[in-house]
Every structure is written in C-alpha cells, then in structure tokens.
Amino acid sequence: MKQILNGRILTPEGWLTGGSVIVEDEKILEVSNNALHIEGAEIIDAAGGDIAPGGIELHIHGGGGRDFMEGSEEAFRIAVDAHLKHGTTAIFPTLSSSSPAMIWDAVHTCDKLMQEPGSPIMGLHLEGPYFNKAMAGAQMPEYITPPIPADYEPLLTQTNVIKRWDAAPELPGTEAFGRFCIAHGCLPAIAHTKGEYEDAIRALHAGFTHLTHFTNAMSTMHKEREYKKVGIVEAGYEQEAFTVEVIADGIHVPAPLLSMIWKIKGTERMALITDALAVAASDATEAFDPRVIIEDGVCKLADRSALAGSIATMDRLVRTAVQQAAIPVADALRMTAETPARIMGIYDRKGSLQRGKDADIVIYDNQQTLRFVMQAGKTVVSQL
C-alpha cells in the first residue's frame with residue numbers, strides 16, 4: 001500500500017488540501033480528506049506539489065526516437081516508455097496516413113500490448129489516410145485517398161483495437177465511413193480538411209464529434225468574391241457538440257489563440273495533445289521522416305511550407321497552458337486527463353483521482369515541473 005500526502009489534490013470537485021491519496025496494487029483505494037499515516041504504507045511526500053491524474057495522450061506519433069508507424073513491438077514499447085517518463089500514463093498511439101498493410105501490423109502489435117496487465121496503451125488512433133491532399137501537411141501523399149470501404153470495413157469488424165479514425169468531411173464516402181466507425185466503437189474525427197461549415201455539420205450528424213489538432217490543417221473563414229465563407233474552425237466554435245484537441249506546445253497554436261479556444265470551448269470540450277513525433281522525449285537530432293527537419297523547437301517540412309508535428313511532451317503542455325496562456329492549473333491538468341478520458345470513453349477507469357480508478361498519478365511543483373509519475377500503481381519517476 002502507498003500513501004501520497006503533503007500536497008493539494010486535484011479531484012473532480014476541485015482542489016483538496018490536507019488530504020491523501022491511498023493506492024493499493026494498481027488501483028486508487030481512497031482519496032481521503034485527512035493525511036493520517038496508515039501503518040505499513042509506503043509514504044510518498046508530495047512536498048507541497050499538485051497531485052493530479054496522469055496525462056492521457058490522444059494524438060501522438062512516437063517518441064524516444066521511434067515511430068508507431070514502424071508497427072513493431074520494440075518501437076511501441078520505446079515510444080510509450082519515453083512519454084511515460086514525462087507524465088503520459090495512458091496513450092492512444094497514432095499512425096499517420098499509412099497503407100493497409102502498415103495499419104494491420106500496428107493493429108496486431110497494439111492488440112498484443114493492450115492485453116498486458118496495467119498496459120498504458122488504450123487503443124490505436126489512425127490519422128488518415130482519408131484526407132484532402134491540399135491540406136496534407138506532412139502526411140505521406142502516396143497513401144492519401146477518399147474512404148475505401150474494402151479497406152476500413154475489415155479493420156473495424158475484425159479487430160476492436162482502433163478507437164479513433166480521422167477523415168476530411170468533404171470527401172465522397174466520409175459520412176458512410178463515420179457511421180460505420182460509430183457502429184463499431186470507433187470515434188470518427190475531422191482532420192486535414194478544406195471543407196466548409198456545411199461539411200462539418202453533415203459530418204457531425206454522421207457521428208464526427210471531435211476535431212483533430214484544432215485550427216491546424218483545417219479551413220477557416222475566408223472570402224469568395226464579395227461573400228464570406230465559414231470554415232471548419234468556426235463550426236468547431238459554434239457547435240457545442242464538437243470537442244477539440246489542441247497542440248499546446250506554444251508553436252502550433254500561439255498562446256493567445258490557445259487561451260481563446262479555452263475561453264470559448266471550455267475545459268470540458270478541449271483536450272491538450274502533443275502530436276509528438278519520434279524525436280520527442282529523445283536526444284535525436286533528425287526526424288523519423290526524411291522530409292522533416294527540427295527547428296525552433298518544432299518539426300517542419302524541410303521546405304518550411306508547413307509544421308510537421310511537435311517534439312512536445314505532456315509536462316510541456318501543462319507548462320505552456322499555465323505559463324503562456326494563463327490557464328488555471330486545475331483546468332490545464334483536467335484538459336490533459338479528465339477531458340481526454342471523457343472524449344475516448346475511458347473515464348470509468350482513467351482521468352480523475354477517485355476510488356476504484358487506475359492509480360495513474362502525477363505530481364507537479366508550483367512551477368509546473370513534473371516531479372513524480374505513477375502508472376498502474378508503479379512509481380516511474382520520483383524527483384521529490
């Protein structure tokens with residue numbers, strides 16, 4: 001048994017001071033209003049820090065020098081472990097636009113690793129290949145295509161590993177694709193799109209309730225001759241039903257925009273993501289994709305025509321939100337844990353510090369520096 005005390009505890013009701021979190025095996029046994037020492041328990045002193053639920057990563061391509069597109073067990077383990085050390089205690093590995101064969105390799109690996117006791121892997125996220133080529137960014141153009149039922153139907157009927165799949169709503173067949181995803185327990189999301197407001201509304205009715213890396217690689221208000229046309233971004237603001245995820249590295253979404261999205265969508269409808277590439281949480285100086293360079297703390301296409309992904313980690317998201325965008329600490333932490341858990345339907349076991357939930361716990365000091373990470377009851381990082 002372990003007891004975490006001497007810090008303020010983030011609960012669904014707000015901050016709890018003078019209490020403790022009691023962990024037994026892989027679960028939270030109790031969040032107590034007092035900090036009375038439990039005989040025989042291992043004491044973890046939070047040293048006045050913020051005790052919070054571990055980060056849940058919705059959108060991440062790799063880390064530690066390895067990319068999930070490799071599809072191998074080794075690549076998955078290295079990338080997951082690298083981000084675990086930065087506060088990501090649950091993760092949805094993301095594949096960029098890939099061939100069906102590459103997707104199947106990742107599905108088999110993901111399925112195997114998800115079966116391990118206490119696994120931080122929650123399921124696979126497919127970012128593409130059903131995108132608008134004009135908004136492809138760093139996606140592999142040779143794989144991009146409208147939705148192909150012969151490809152996606154077997155993947156969604158023969159496995160339950162794929163938990164989310166992104167597509168551009170203006171492509172033919174996208175609405176049928178979205179409905180098929182919903183019918184098979186997969187969240188369809190809008191991404192890499194030049195669609196208009198009306199496309200977003202049609203997609204919403206087909207089950208697309210989430211917007212991928214919001215404001216990046218999606219249309220916004222523009223003029224056609226004398227008239228204003230409303231884009232996907234405005235649909236995301238205007239439709240309460242849409243949840244959004246935001247790359248909170250301070251570069252993909254500048255701090256004033258990060259603050260504005262939070263003020264409009266609210267903590268309950270906005271998740272923070274890294275969209276990290278293989279170079280994140282590593283000493284690598286070159287990206288997994290040879291077309292990509294690392295410059296100014298971010299990944300870019302070599303011709304500098306577009307951003308290509310981040311090198312951020314979960315702890316950087318928290319610091320950026322609090323220190324650059326002036327978002328309250330509690331809201332920043334909730335957007336890395338509670339909101340992602342609700343979006344992906346895993347809030348029954350992740351995303352908050354409550355009795356019976358998985359013991360995924362982080363501690364930050366008052367400068368939002370990560371000091372402690374526990375995943376499934378096991379201490380991963382301790383710098384208290």
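Nine aromatic pairs turn up in this predicted model, counting rings of Phe, Tyr and Trp (its six-membered ring) as paired if their centres lie within 6.5 Å, with planes under 30 degrees apart called stacked, over 60 edge-to-face and the rest tilted. One of them joins Phe68 and Phe76, with ring centres 4.9 Å apart and planes at 65°, so this pair is edge-to-face. Phe68 is buried at a relative accessible area of 0%, and Phe76 is buried with a value of 0% as well; buried here means under 20% relative accessible area, exposed over 50% and partly exposed in between (1.4 Å probe, protein chains only).

Tyr130 and Tyr152 make another edge-to-face pair, at 6.2 Å centre to centre and 70° between the planes. Tyr130 sits in strand 12 (residues 124-130) and Tyr152 in helix 3, so the pair ties together parts 22 residues apart in sequence. Both tyrosines, Tyr130 and Tyr152, are buried. They also belong to one aromatic cluster, together with Trp165, Phe177, Phe180 and Phe208.

Helix 3 (residues 149-157) also packs against helix 2 (residues 100-114): the axes come within 11 Å and cross at roughly 5°. Axes are lines fitted to C-alpha atoms, for helices over the stretch in contact, with angles running from 0 to 180 degrees between N-to-C directions. Helix 2 and helix 3 are therefore roughly parallel (under 35 degrees; over 145 is roughly antiparallel, 65 to 115 roughly perpendicular and the rest oblique). On the helix 2 side, Pro100, Ile103, Trp104 and Val107 meet Asp151, Pro154 and Leu155 of helix 3, contact being heavy atoms within 4.5 Å. Sorted by type, the residues of this contact come out as six nonpolar, no polar and one charged (nonpolar: Ala, Val, Leu, Ile, Met, Phe, Trp, Tyr, Cys and Pro; charged: Asp, Glu, Lys and Arg; polar: the others, Gly among them).

Then there is an open sheet of four strands, ordered 5-4-1-6 with mixed pairing. Strand 5 (27-32) and strand 6 (42-45) stand at the edges with a single partner strand each, so one side of each has no neighbour in the sheet. Strand 1 (residues 2-5) and strand 6 run parallel and are joined by four bridges, with Gln3 opposite Ile43 in strand 6. Strands pair if DSSP finds at least two bridges between them; helices (H or I, at least four residues) and strands (E, at least two) are DSSP runs, numbered from the N terminus.

Residues are numbered from 1 along each chain as its sequence is written. Local features need pLDDT of at least 70 and side-chain atom pairs count only at pLDDT 80 or more, while totals for chains, interfaces and linings use all residues, and side-chain values use heavy atoms, leaving out hydrogens and water.
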